[in-house]
Amino acid sequence: MDQSKIRNFSIIAHIDHGKSTLADRVLEITGAVSARDMRAQVLDTMDLERERGITIKAQAVRVTWKGHELNLIDTPGHVDFTYEVSRSLQACEGAVLVVDAAQGIEAQTLANAYLAIGNGLEIVPVVNKIDLPQADPDGTAVEVAELLGDDPANVVRISAKTGANVADVLDAIVERVPAPAGDAGAPPRALVFDSSYDQYRGVVAFVRVVDGSFSRREELQTMATGTRFDAEELGFFSPTMSPVESLSAGEVGYVITGLKDVSLLRVGDTLTSVERRAREPLPGYKDVKPMVFAGLFPTDSDAYPELRDALERLKLNDAALFYEPETSQALGFGFRCGFLGLLHMEIVRERLEREFDLDLLVTAPNVAYRVREKNDSEWREVHNPAEFPRELEEAEEPYVKASIIVPKEYVGTVMELNNDRRGTFDHLEYLSPERVHLTYELPLAEIVLDYYDQLKSRTRGYASFDYDLAGFKPGDLVRVDVLVGGEPVDALSLIIYRDFAYDRGRLLVDKLREEIPRQMFDVAIQAAIGARVIARETVKARRKDVLAKCYGGDISRKRKLLEKQKAGKKRMKQVGAVEVPQEAFLAVLNIGQGPKS
Amino acid sequence: MHLPFCAHRCGYCDFVTAVGRADQHAAYVDALLRELELEGHVLADPLETVFLGGGTPTFTALPELVRLLEALPAADEVTVEANPETVTAELAHALRAAGATRVSLGAQSFQPELLRVLERGAQPDDVRRAFRLLREAGFDNLSLDLIYGIPGQTVADLEADLAAALDLDPEHLSCYELEAKPGTRFTHAWGAELERQAEAMEDYFERVVATLTAAGYRWYETANFCRGDRRSLHNLGYWLGRDYLGIGIGAVSTIAGERRRNTPKLARYLAGAYDRELESLDAGVRARERVLLGLRLDDPLPLAGLEHALDPVGLARVERLGLAERGAETLSLTKRGRFLGGAVTADILAG
């Protein structure tokens, strides 16, 4: 294909602004999918994505429009997947920015737009949902044009739902988005912008060829990880898989690698030929590192092998998921898992529960910390409060740059929340007379707790929020241990900003006192920083636990009662001599997590 | 032997009872004797103990009650349960003459207000009078039942009840915490109040034990106290895990590897049907029952043959906590262990 006839683009939008609907309409109008076969939102493959209205895995679809080959590269829509989004955008020359005419610009609109501009993409602004009665197409067009420094007249006003003016979007893509400009004669280079795992065919790489061309059966190599494989099949999606003999500069398609491990082929890596090896990889590859960690334990300890198998299978398709075995004296055998962010964690948890039918106990999430122990010059990274040194020289925690858009009357409450969460004010600007864009620097740990729920409830759901990691910074952090009957409960240890430690410790101890049933002896419940106890409560011993009567007519029933009591005891977790019901841990782990979304 | 007839069904009662039915008392005694005829071959000779429970056995028409007692084989201990308001000089003498050796009197409380809450028919003076009449008829082995934890009962009420009972100098006392069984009328009426006072019951139980042992009674079973060795020999049989034959509606028998329960329906029983519910008890279950029953007693539990019924980890734990003590081949609970007997037993039992 002549590169001048190729256009590669993405659609970017805030959640629910109509990205998937527009993608569906594009497929329909270009004839890639007949209206009859149209399954709403063809590009989203997983049930979960459909329900949440988000897209986890990118795919690319080739359509033709007025003699041009258009490759629509789908991008994940959420903050946790910023890196994946940026790789997808790097595979394009242009991006269609979709904004809901009734909602206006939201936090993810900004994040995505800045990301696209940063990647040098030509933006085609689109105002969607003009058919809605409460739509304000002109006002929204002005907002978008101001954001981009463009003329409101260049903003295409459409209804993806009805199909109105969608053809204009395709024309604009052809007119405004530059054609690819790679060197067709150079040694081949392709950007891996996504991958997925197929049970029968192994890892499938989604690639954008930048230079040269690739042929079927050729031996290929990734430049960062050095993995070699034979290209079993090359092709593109239309939207079904269409094999071809070769993919050349400017084209987007897939490569079936036969690899059995998705981690051998990382998103962002550059693919080249072993025979005709390129000298330099494409820029921008980085190893994504999980930032949020939590322990996942099966509520039924017998389900450990199933949990392990399930994580193994999820990992096939999710290179960003990290896990390693963890043993907790309180919760038994499980895994410490690392996630890109909270949403990623929720998705993994839901998939484990839904697709693998597992009942899970998830510990309070924590972020990755960098620590240096007393009299030690080495920094190390800590993913688990239990590994956090009690004697500390210094510690660092990850920060984010948070971007929040709210109606102006909520600015005060949002600032208050951010101040409570150790935020540093950065910037405030009016997007319109009614709406304000705030940026703050916040510790990631403060967001991980219940920030999003708080933000939503304090702004009646009007706030939109996005964040970007902004590196590690020193923090006055302490490890708080919870001791039951003098024994530390590993699963309840936490790392916290020193000034918050006392209140948090008090809360934990009070909650545990409510949840731990009285035992045959007094049980002390303490929160401590090192050897210093910061909060203490006592569960007083029971003095009586015996059935009043037991005679001949009653022995079977009394025996069954005792057997039930025995079984109840066996279900309890032992902390030293103390029997603690699993629900007690759950209740404590849920403090401050807010209602589940 | 179960005699179900009562003048009134008290709100807290969950026994098999039948109110009134004067016209059926004779037929019921006939039915009891018929069942005894069929099943009596399993009884030891001589028979050790008989217990006539209820219901209110002394509410049964007196000639019928006497006819029943006289038809029974002789035994070392024959106990009849009685409600104070049913006891007359005539009844006391008749029981004695018919072979009863022991009467268990359902006093429950000596406070009029609390007796009203319990829906008991007797007044405090009825208890004292009944007790005197039984003594005068020659009974030298009398037991009183007391209930504590009655809604509205104060510590002073409890002390007064214990003092009034001790005043009568019974050979035996049974003191039960009021159990409100789910679904009973009583629980419906008083459930919230009972829940509110639940924690105070720890203190009440301790007071009962402290007061009665200070008065020289032996705390020989979780809820039972006696002078010298005047234990209830019949009930002791249950706690030692021995076999017994139950006769009457709802009556339970445990014989070797089987436990069975008769129909609780009076009409079926009168018609000669037993509709027995059977439960087979293997050696393991019997051993476990011996542990749970035996640990209710103050006498050490002999461990021979019970090894598989015990959980060594749990046993070590309760020993460490000072709740149980192991002797040579025996196990006994400490005083604190007896107050926590249920939880301790749950720890000790294998399973």
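## A hairpin in chain A

How many residues lie between β18(A) and β19(A) in the hairpin they form? There are 3 residues between these two strands. Keep in mind as you look around that this is a predicted model.

## A sheet in chain B

Now hop over to chain B, where 3 strands make up an open sheet. Their order is β11-β12-β13, and the pairing is antiparallel. At the edges sit β11 (252–255) and β13 (277–280) of chain B, each of which pairs on one side only. On average, and with direction ignored, neighbouring strands of this sheet are turned by 15 degrees against each other.

Let's pick out one pair from this sheet. β12 of chain B, residues 258–261, pairs with β13(B) over 4 bridges in the antiparallel sense. Within that pairing, B:R259 has B:E279 in β13(B) as its bridge partner.

## Where the chains meet

What does each chain bring to the contact? Chain A puts in 24 residues, and chain B puts in 35 residues.

On the side of chain A that touches chain B, the residues split into 10 nonpolar, 10 charged and 4 polar.

Key
Residues are numbered from 1 along each chain as its sequence is written. Chains are lettered from A and ligands numbered from 1 in the order in which they are written. This is a predicted model: local features need pLDDT of at least 70, side-chain atom pairs count only at pLDDT 80 or more; totals for chains, interfaces and linings use all residues. Two strands pair if DSSP finds at least two bridges between them. Axes are lines fitted to C-alpha atoms, for helices over the stretch in contact, and angles run from 0 to 180 degrees between N-to-C directions. Two residues are in contact if their C-beta atoms, placed from the backbone, lie within 7 Å. Ala, Val, Leu, Ile, Met, Phe, Trp, Tyr, Cys and Pro count as nonpolar, Asp, Glu, Lys and Arg as charged, and the others, Gly among them, as polar.
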